[in-house]
Amino acid sequence: METSRARKPLVEQFRLDVADGFLMGGVLGSAIHLVNGGIQAVYENVPRFSCYTAVVFGVYEAIHYAMVSARGKEKPVLNCAVAMAVANGIAALPNGILHACNSALIGGAMGGVLTAVHSLVENRLRNRSQQAGDPALPVSTACPTPPV
């Protein structure tokens, strides 16, 4: 499942992923902390959660870009799974090595599954649009947004 798609420059893709991580952390963190602890918990915890997810997304994108550059080819499922595993492991290191290993395994599995599902849905949509005579859907240039 190799692709040779043109990627955006590192700085552009990195900026987009960090911004996506910050926004996703804000929205998801607000929902989680509002349900669990009320409005005071939102005020106290959401900024930290947003910054945490932005860091994880930034580390993920740096590792993913380095893997693609070093190998000279992109295997979306493999690269995304490994990059997500390493990013989650690094982010969880302050909580101990056991927690970091557990987080890396879960992150790698989630990254691989989400990338595979994203690829299947994208191919199916592209096939349907070509059968209907519509112009082909644009091909995404990166892995889907990683889970946190």
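At what angle do the axes of helix α3 and helix α4 cross, and within what distance do they come? The points below start there.

1. **The α3 and α4 pair.** The axes of α3 (residues 76–92) and α4 (residues 97–131) cross at roughly 150° and come within 7 Å. Axes here are lines fitted to C-alpha atoms, for helices over the stretch in contact, with angles from 0 to 180 degrees between N-to-C directions. The two helices are therefore roughly antiparallel to each other, a label for angles over 145 degrees. Their crossing is right-handed, the near helix being turned clockwise from the far one by less than a right angle.

2. **Who makes the contact.** From α3 the contributors include Pro76, Cys80, Met84 and Ala92, and from α4 they include His99, Gly107, Gly111 and Ala116; contact means heavy atoms within 4.5 Å. By class, this contact has 10 nonpolar, 9 polar and no charged residues. Ala, Val, Leu, Ile, Met, Phe, Trp, Tyr, Cys and Pro count as nonpolar, Asp, Glu, Lys and Arg as charged, and the others, Gly among them, as polar.

3. **How to read the model.** This is a predicted model, in which local features need pLDDT of at least 70 and side-chain atom pairs pLDDT 80 or more, while totals for chains, interfaces and linings use all residues. Residues are numbered from 1 along each chain as its sequence is written, and side-chain values use heavy atoms, leaving out hydrogens and water.

4. **Overall make-up.** The protein has 4 helices and 0 strands, in the order α-α-α-α along the sequence. Helices (H or I, at least four residues) and strands (E, at least two) are DSSP runs, numbered from the N terminus.

5. **Salt bridges.** There are 2 salt bridges in the structure, each a side-chain nitrogen of Lys or Arg within 4 Å of a carboxyl oxygen of Asp or Glu. Glu12 pairs with Arg15 at 2.8 Å, N to O; they sit 3 residues apart in helix α1 (residues 10–37), about one helical turn. Glu12 is partly exposed at 32% relative accessibility, and Arg15 is partly exposed at 47%.

6. Glu122 and Arg126 have their closest N and O atoms 3.5 Å apart, and lie 4 residues apart in α4. Glu122 counts as buried at 15% relative accessibility, and Arg126 counts as buried at 16%.

Notes: Angles under 35 degrees count as roughly parallel, over 145 as roughly antiparallel, 65 to 115 as roughly perpendicular and the rest as oblique. Buried means under 20% relative accessible area, exposed over 50%, partly exposed in between (1.4 Å probe, protein chains only).
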